[in-house]
Amino acid sequence: MSGTFEIAQAGDKAYFFRLTAPDGTVVAVSPLFSTIKGAAAGITAVRENAATGLVVDSSAAY
């Protein structure tokens with residue numbers, strides 16, 4: 001099973017989405033969007049770009 005995107009409402013006219021892992025762990029939470037369509041577009045952008053995104057290690061690993 002894959003992760004799940006869920007759109008939720010925050011206040012009267014604000015929406016956000018969260019990505020949860022199959023075990024229910026919240027992996028990511030979006031910023032607020034003024035419309036559900038905006039939140040859906042944010043999900044689309046994440047889905048399209050996540051697989052091709054670079055991984056940058058900014059830790060101070062020794």
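Two strands are taken to pair if DSSP finds at least two bridges between them. Helices (H or I, at least four residues) and strands (E, at least two) are DSSP runs, numbered from the N terminus. The model is predicted, so that local features need pLDDT of at least 70 and side-chain atom pairs count only at pLDDT 80 or more, whereas totals for chains, interfaces and linings use all residues. Residues are numbered from 1 along each chain as its sequence is written, and side-chain values use heavy atoms, with hydrogens and water left out.

Strand 2 takes part in two hairpins. Strand 1 and strand 2 are antiparallel and share six bridges. Ile7 stands opposite Phe17 of strand 2. The hairpin formed by strand 1 and strand 2 has five residues between the strands, and Gly11 in its turn adopts a positive phi of about 85°. Strand 2 and strand 3 also run antiparallel, joined by three bridges, with Leu19 opposite Ala28 of strand 3. In this second hairpin five residues lie between the strands, and Gly24 in the turn has a positive phi of about 95°.

A pair of aromatic rings is described by the distance of the centres and the angle of the planes. Rings of Phe, Tyr and Trp (its six-membered ring) were paired if their centres lie within 6.5 Å; planes under 30 degrees apart count as stacked, over 60 as edge-to-face and the rest as tilted. By this rule, two aromatic pairs were found. The ring centres of Phe5 and Phe17 lie 5.9 Å apart and the planes meet at 65°, so this pair is edge-to-face. Because Phe5 belongs to strand 1 (residues 4–9) and Phe17 to strand 2 (residues 15–20), the pair ties together parts that are twelve residues apart in sequence. The pair of Phe17 and Phe33 is stacked, at 6.2 Å centre to centre and 20° between the planes. Phe33 lies in the loop between strand 3 (26–29) and helix 1 (36–50), while Phe17 is in strand 2, so this contact ties together parts that are 16 residues apart in sequence.

Solvent accessibility was classed as buried (under 20% relative accessible area), exposed (over 50%) or partly exposed (in between), with a 1.4 Å probe and protein chains only. Strand 2, which holds Phe17, is mostly covered, with five of its six residues buried.
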